[in-house]
Amino acid sequence: MAENKTETKTVMLTIKQAAALVDGLTEFRVRELCKSGELPCFRAGKKYLINKEILHKFLLGELSVG
């Protein structure tokens, strides 16, 4: 029998994609949050990549960076 495995994919967003998810959130603001370290992310070349789940937690105030 085949096993029922649940795989969770990690979804990474660019600054443009992250800003498009939230009305009123600009690419500039997302970039500033990344640069300041307020929003956890990492750089891949010249691009910032943001974990979608972490972005949601950050926006809901469930994430404390420190």
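Lys35 sits in helix α2, which covers residues 27–36; helices here are DSSP runs of H or I with at least four residues, and strands are runs of E with at least two, numbered from the N terminus. This is a predicted model, where local features need pLDDT of at least 70, side-chain atom pairs count only at pLDDT 80 or more, and totals for chains, interfaces and linings use all residues. Residues are numbered from 1 along each chain as its sequence is written, and side-chain values use heavy atoms, leaving out hydrogens and water.

Is Lys35 buried or exposed? Lys35 has a relative accessible area of 53%, so it counts as exposed (over 50%; buried is under 20%, partly exposed in between, with a 1.4 Å probe and protein chains only).

Now to helix α3, residues 52–60, where Phe58 is found. Phe58 is partly exposed, at a relative accessible area of 22%.

Which residues does Phe58 touch, leaving aside neighbours within four places in sequence? Phe58 is in contact (heavy atoms within 4.5 Å) with Leu33, Glu38, Leu39 and Leu63.

## The whole chain

The protein chain has 3 helices and 3 strands, arranged along the sequence as β-α-α-β-β-α. Of its 66 residues, 21% count as buried.
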